[in-house]
Amino acid sequence: MTTIVVAMGEKNEIGFDNQLLWHLPKDLKHFKDITSGHPIIMGRKTYESIGKPLPNRTNIVVSRKKDWFEEGILIVGSIKEALKFAKKIDEEVFVIGGGNIYEQTMEVVDKLEVTLVKADLEADTFFPKIDPKIWKKTNEICHEKDEKNGYDFCFQTFEKIKKEA
């Protein structure tokens, strides 16, 4: 099972200037809970915005830069290569961004774990449109903003609609 994990605003915005648009500790905990122990696939810019390998996960970074190297991660040249390596490690694989990586994997993933943030913020990176003919929302849990989380948000799960044979 390959799953995209994304936090996005109401207009599909996910980032600005290679940074997340919000700080939601509940979302970060949710992200850690679902991805821990599994391989995660991300683009180089996403990796650089995080700044270090995420613990308890195999960090696979897709980069076209030939001379780029970082300790503690697996660097590959394509999504196809990343998925091949990830599947050898574990059946559960998570794609964690950024925008370009999401676009390249939307057709091959089975599930979307979306944190929909009730915000409309300036962004330069967006998540692809979730087509209701392809994706069905199977779960939603909403949280109101509090002293630690500055926005209302919902955890949503979408599963790919199986095509009838």
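A salt bridge is a side-chain nitrogen of Lys or Arg within 4 Å of a carboxyl oxygen of Asp or Glu. In this predicted model, Asp33 and Lys29 meet that rule, since their closest N and O atoms are 2.9 Å apart.

**Salt bridges**

Side chains of opposite charge can pair when their charged atoms come close. A search of the whole structure finds six salt bridges.

| Asp120 | Lys11 | 2.5 Å |

Lys11 forms its salt bridge with Asp120. Lys11 has 51% relative accessibility and counts as exposed. Asp120 has a relative accessible area of 48% and is partly exposed.

The pair of Asp33 and Lys29 belongs to helix α1 (residues 25–35), where the two are four residues apart, a separation of about one helical turn. Lys29 counts as exposed, at 52% relative accessibility.

Which residues of helix α3 are buried? In this helix, residues 79–89, they are Ile79, Ala82, Leu83 and Ala86. They lie on the same side of α3, because they cover an arc of only 95 degrees around the axis. The face turned away from that buried side carries the exposed residues Lys80 and Lys88.

Several elements cover the buried residues of α3. Among them are the strands β1 (2–8), β3 (40–43), β4 (59–62), β5 (74–76) and β6 (93–95), together with helix α4 (99–105).

Two lysines also lie over the face of Phe85. Lys84 is at 5.9 Å from the ring centre. Lys88, an exposed residue of α3, is at 6.0 Å from the ring centre of Phe85.

**Aromatic pairs**

How many aromatic pairs does the model contain? The count comes to two. In one of them, the ring centres of Tyr102 and Phe127 are 4.9 Å apart and the ring planes are at 70 degrees. Planes over 60 degrees apart count as edge-to-face, so the pair of Tyr102 and Phe127 is edge-to-face. This pair links distant parts of the chain, 25 residues apart: Tyr102 is in helix α4, and Phe127 is in the loop between β8 (125–126) and β9 (135–143). Both Tyr102 and Phe127 are buried.

The rings of Phe153 and Phe155 are also edge-to-face, because their planes stand at 65 degrees, with the centres 5.4 Å apart. Phe153 and Phe155 are both buried.

**Backbone details**

Most residues other than glycine have a negative phi, and most peptide bonds are trans. The residues below depart from these patterns in the model.

The peptide bond from Gly97 to Gly98 is cis, with omega near 0 degrees. Gly98 lies in the loop between β6 and α4.

Where is Asn18 found? Asn18 lies in the loop between β2 and α1. The phi of Asn18 is near 60 degrees, a positive value in a residue other than glycine. Asn18 counts as partly exposed, at 35% relative accessibility.

Asn56 is found in the loop between α2 (44–50) and β4. Its phi is near 60 degrees, which is likewise a positive value in a residue other than glycine. Is Asn56 buried or exposed? At 57% relative accessibility, Asn56 counts as exposed.

**The chain and its record**

An unreviewed UniProt entry lists residues 1–160 as "domain: DHFR". Over residues 1–160, the chain of the model is 22% helix and 31% strand. The end C-alpha atoms of residues 1–160 are 11 Å apart.

Methods. Residues numbered from 1 in each chain as written. Predicted model: local features only at pLDDT ≥ 70, side-chain atom pairs only at ≥ 80, totals over all residues. Heavy atoms only, no water. Buried < 20%, exposed > 50% of the residue type's maximum accessible area, 1.4 Å probe, protein only. Arc of directions from axis to C-beta. Contact = heavy atoms within 4.5 Å. Phe/Tyr/Trp six-rings, centres within 6.5 Å; stacked < 30°, edge-to-face > 60°. Lys NZ or Arg CZ within 6 Å of the ring centre and 35° of its normal. UniProt positions renumbered as here; feature names shortened; annotations may be inferred.
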